[in-house]
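This report describes one protein chain from its predicted model. The sequence and the structure are shown first.

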Amino acid sequence: MEFSPEKSLWFLFVKGDLNAFSGLFKHFYPMLHNYGVKISGNKELTEDCLQNFFVYLFENKNRLENVLNVKSYLYISFRRYLFKHIKKEKKHLSYDDLFESNKDFVFSVEEIHIQQEIFLIKNKALTTLINSLSTREREAIYLKYYSLLTTKEISEVMNITYQSVQNTLQKAFVKLRDKSESKALQHILNP
């Protein structure tokens, strides 16, 4: 069974590895912090809740073994945790009212610019990777994903067998996966 880096860290964390817990904390704290500040509009409350949330995770790690998607689980759980604490302060508001009344959940020009830059970098990296494939592999990918042809239609267009199309696409994806797993490229594709 192959684990993503996040899933591997999570697996080690629930087994009690302090370095894995530290790795999860360092990786997810900035993301969860930004999300929490947008929800609460209060940096100090978010930081307190986030610290307590990670303490809660550590204390309850034995019950967290079956998490399938670490990132989703952390976002969902932290959101609930934060809302629970905000709700204690504002007892008269429902969760929906609480969320809708928050005017701080806005995007800054810088956030949009950063996301656009990341998108461009990923596109350039993907273009480079795809262009490093053989001509036949590039053609098969183009017909499959850009022209939206079926495998049978691709075999007719390229005048090769159905199985050859499948093999060509499989080889292309193996090459793309292998090339994208280099450290430098992984950093670009998964910042």
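The sections below go from the overall fold to the cores, the cavity and selected residues.

## Basis of the report

The model is predicted, so local features need pLDDT of at least 70 and side-chain atom pairs count only at pLDDT 80 or more, while totals for chains, interfaces and linings use all residues. Residues are numbered from 1 along each chain as its sequence is written, and side-chain values use heavy atoms, with hydrogens and water left out.

## Overall fold

The chain has 10 helices and 0 strands. Helices (H or I, at least four residues) and strands (E, at least two) are DSSP runs, numbered from the N terminus. Along the sequence the pattern reads α-α-α-α-α-α-α-α-α-α.

Of the 191 residues in the chain, 31% are buried. Buried means under 20% relative accessible area, exposed means over 50%, and partly exposed lies in between (1.4 Å probe, protein chains only). Among contacts with a separation of 6 or more, 60% join residues 24 or more positions apart; a contact means heavy atoms within 4.5 Å.

## Nonpolar cores

In soluble globular proteins, nonpolar side chains tend to be buried together. A nonpolar core is here a set of buried Ala, Val, Leu, Ile, Met, Phe, Trp, Tyr and Cys residues joined through side-chain atoms within 4.5 Å. The largest such core has 26 residues, and those with the most contacts inside it are Trp10, Phe13, Leu32, Phe53, Phe54, Leu57 and Leu74. H1, H2, H3 and helix H4 (70–89) are the elements that give two or more residues to this core. H2 provides the largest share, 8 residues.

Leaving aside neighbours within four places in sequence, Phe53 is in contact with Leu32, Leu74, Ser77, Phe78 and Tyr81. A second, separate core has 13 residues, including Leu129, Ile160, Leu169 and Ala172.

## Cavity

There is 1 cavity of 30 Å³ or more, and the largest cavity has a volume of about 30 Å³. A cavity is a set of points, on a 1 Å grid over the protein atoms alone, where a 1.4 Å probe fits but cannot get out; lining residues have an atom within 4 Å of a point. Grid points are joined across faces, edges and corners, and the volume is the space filled by probe spheres set on the points.

Trp10, Phe13, Phe21, Leu24, Phe54, Leu57 and Leu74 form the lining of the largest cavity. At least two lining residues come from each of helix H1 (5–14), helix H2 (18–40) and helix H3 (43–59). By class, the lining has 7 nonpolar, no polar and no charged residues. Ala, Val, Leu, Ile, Met, Phe, Trp, Tyr, Cys and Pro count as nonpolar, Asp, Glu, Lys and Arg as charged, and the others, Gly among them, as polar.

## Helix H8

Helix H8 covers residues 151–158, of which Thr151, Ile154, Ser155 and Met158 are buried. These residues lie on the same side of H8 because they cover an arc of only 100° around the axis. The arc is that of the directions from the helix axis to the C-beta atoms. Lys152, Glu156 and Val157, on the other side of H8, are exposed. The packing partners of the buried residues are helix H7 (135–146) and helix H9 (162–180).

Ser155 has 10% relative accessibility. Not counting residues up to four places away in sequence, Ser155 touches Ile160, Thr161, Tyr162 and Val165. Val157 has 52% relative accessibility and counts as exposed. With the same exclusion of residues up to four places away, Val157 touches Leu143 and Leu149.

Leu148 is found in the loop between H7 and H8. Its phi is near 60°, a positive value in a residue other than glycine, and Leu148 is exposed at a relative accessible area of 67%.

Glu137 lies in helix H7 and is buried at 4% relative accessibility. Residues up to four places away in sequence aside, Glu137 touches Thr168, Lys171, Ala172 and Lys175.

How values were computed
On a 1 Å grid over the protein atoms alone, a cavity is a set of points where a 1.4 Å probe fits but cannot get out, and a pocket is an open set with protein on both sides within 12 Å along at least five of seven lines; lining residues have an atom within 4 Å of a point.
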